[in-house]
Amino acid sequence: MLRSIRFLQMAILLVTMTSCKEKRSTISEKISVDVAVASTESVPNRKEFIGPLSANYSATIQPRIAGFLASSSFENGMPVRRGQLIFTLDDAPQRASRLAAEASLSSAQAKAVEAKRNYERAVPLARIDAISQTQLDQYTAENSAAIAAVKSARQTLRNAKLEEGYTRIYAPISGIISSSSAHIGDYVGPGTQFSTLTTIQSIDTVAIDLAIPMSEYLASSGRTSFSYDNASLLEDIRLYLADGTLYAEPGFYKFTRQSVASAMGTIVLVVGFRNPDYAIKAGQFGRVMASIGKARECVVVPQQAVSQIQDISSVWVIRPDSTAEYRSVKVGATHGSGWIIEEGVAAGELVAITGLQKLRNGMKVGVTLK
């Protein structure tokens, strides 16, 4: 009988200890977490494009006449300004032609003076029949021929001066001049192996192509037909250089290329960046970020609320009854200090931002709104 009573007492004590332990365990599982409200924000459709930068345009320097190269007045790969003298050809033949043309003009003018005097004398004589009509016609023709000869000589002189002027070659645009394969003393110009002397790249503005899939373009623009004017489609165009630094000058829309690239199914918009200090060279690669189309309304949560393991993203949602719920979510791009949630969380729901490792499904929690 005594043994039975002791056994019953031990059983009651064990049950009591177990109950207290479970109560303490339940109390210890309830934790406090900081939470944030999943908000709806207007998020621009930011896209990234990578490609080479190109010059605004290039000018090819070709002599208009053939001749021996006398001098060059620039440094290879350095800036030149519009109107700057860059090449000089030997002008001796052209100078001789100009002098001959000047002499021919003087001779024609002298003959024209004599022909005019003879004509002016003949006119009154013909009125009194002192000379025949045939002689008057002859003086009239000689005077007209002399006037025409003067005009022809003047035009020949103009051509000679043009030819002489062509021996001095000036930069037609401002930009960076490339090296020339021709050297002093080489015979250059049309019909020679040096028909092209050099090129000048205008890089006061550089450009880059933004290739946008046609389906995305139509969705962003809201159009059902193609348009050549897409200035309103792009906003906040920024350029990042190869080392990751942000280029100071903002970008601007230039034009849309004529046709859609059939191989890729993309429409190409060309944007430009001012380059007043020639800090950017044509051919270098850059990364462009631009907002395309109108901003869209998205659910955004703080980045610390999202856990990512391999390809799975998840959050802990705190329900209205203060219990925790684990959810897998589909995340989009980052937006400021938050993640865009494409699927899994609705605007207005509370998400935990601390204590994520301690939470369990259905667990009661205390919340502090941050």
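## Strand β18 and its partners

In this predicted model, β18 and β19 pair in the antiparallel sense over six bridges, where two strands count as paired if DSSP finds at least two bridges between them. Strands here are DSSP runs (E, at least two residues) numbered from the N terminus. Within this pairing, W316 has Y326 in β19 as its bridge partner, and the hairpin that β18 and β19 form has five residues between the strands, with S322 taking a positive phi near 65 degrees.

On another pairing, strand β17 (residues 307-309) is joined to β18 by three bridges and runs antiparallel to it, with I309 standing opposite I312 in β18. The hairpin of β17 and β18 has two residues between the strands, and Q310 in the turn has a positive phi of about 55 degrees. A further antiparallel pairing, over two bridges, links β18 to strand β21 (residues 350-352), in which V351 is the bridge partner of V317. Strand β18 itself (residues 312-318) is mostly covered, since six of its seven residues are buried, buried being defined as under 20% relative accessible area, as against exposed at over 50% and partly exposed in between (1.4 Å probe, protein chains only).

## Basis of the model

Residues are numbered from 1 along each chain as its sequence is written, and side-chain values use heavy atoms, with hydrogens and water left out. The model is predicted, and local features need pLDDT of at least 70 while side-chain atom pairs count only at pLDDT 80 or more, whereas totals for chains, interfaces and linings use all residues.

## Two open sheets

Strands of a sheet pair through backbone hydrogen bonds, either parallel or antiparallel. An open sheet of three strands has the order β3-β15-β12, and its pairing is antiparallel. Because β3 (46-52) and β12 (234-240) stand at the edges, each with a single partner strand, one side of each is left without a neighbour in the sheet. From one strand to the next the twist averages 25 degrees, the axes being lines fitted to C-alpha atoms and the angles running from 0 to 180 degrees between N-to-C directions. Between β12 and strand β15 (residues 285-292) there are five bridges in the antiparallel sense, and L239 stands opposite V288 in β15.

Four strands make up another open sheet, in the order β8-β7-β5-β10, with antiparallel pairing. Here β8 and β10 (187-188) are the edge strands, each with a single partner, so one side of each has no neighbour in the sheet. Strand β5 (residues 67-72) pairs with β10 in the antiparallel sense over two bridges, and the bridge partner of F68 in β10 is Y187.

## The two largest pockets

The largest pocket holds about 250 Å³ of space. A pocket is found on a 1 Å grid over the protein atoms alone, as an open set of points where a 1.4 Å probe fits, with protein on both sides within 12 Å along at least five of seven lines, and its lining residues have an atom within 4 Å of a point. The volume is the space filled by probe spheres set on the points, which are joined across faces, edges and corners. Of the 14 residues that line the largest pocket, P44, N45, R46, A333 and I340 are the closest to its centre. At least two lining residues come from each of β3, β19 (324-335) and β20 (338-343), and β19 gives the most, with four. By class, this lining divides into five nonpolar, four polar and five charged residues, with Ala, Val, Leu, Ile, Met, Phe, Trp, Tyr, Cys and Pro counted as nonpolar, Asp, Glu, Lys and Arg as charged, and the others, Gly among them, as polar.

About 200 Å³ of space lies in the second largest pocket, whose lining includes T60, I61, Y166 and R168. The elements that give two or more residues to the lining of the second largest pocket are β4 (54-61) and β8 (168-170), and β8 gives the most, with three residues. The lining of the second largest pocket has five nonpolar, three polar and two charged residues.

## Two buried strand residues

S202 is found in strand β11 (residues 198-213) and is buried, with a relative accessible area of 2%. Its side chain makes a polar contact with the side chain of D204 at 3.1 Å, a polar contact being a pair of N or O atoms within 3.5 Å, of which, within protein, one must be able to donate a hydrogen and the other to accept it, while residues adjacent in sequence count only if both atoms are side-chain atoms.

V299 lies in strand β16 (residues 296-302) and, at 15% relative accessibility, counts as buried. The C-alpha atoms of V299 and S179 are separated by 56 Å, the two residues being 120 residues apart along the chain.
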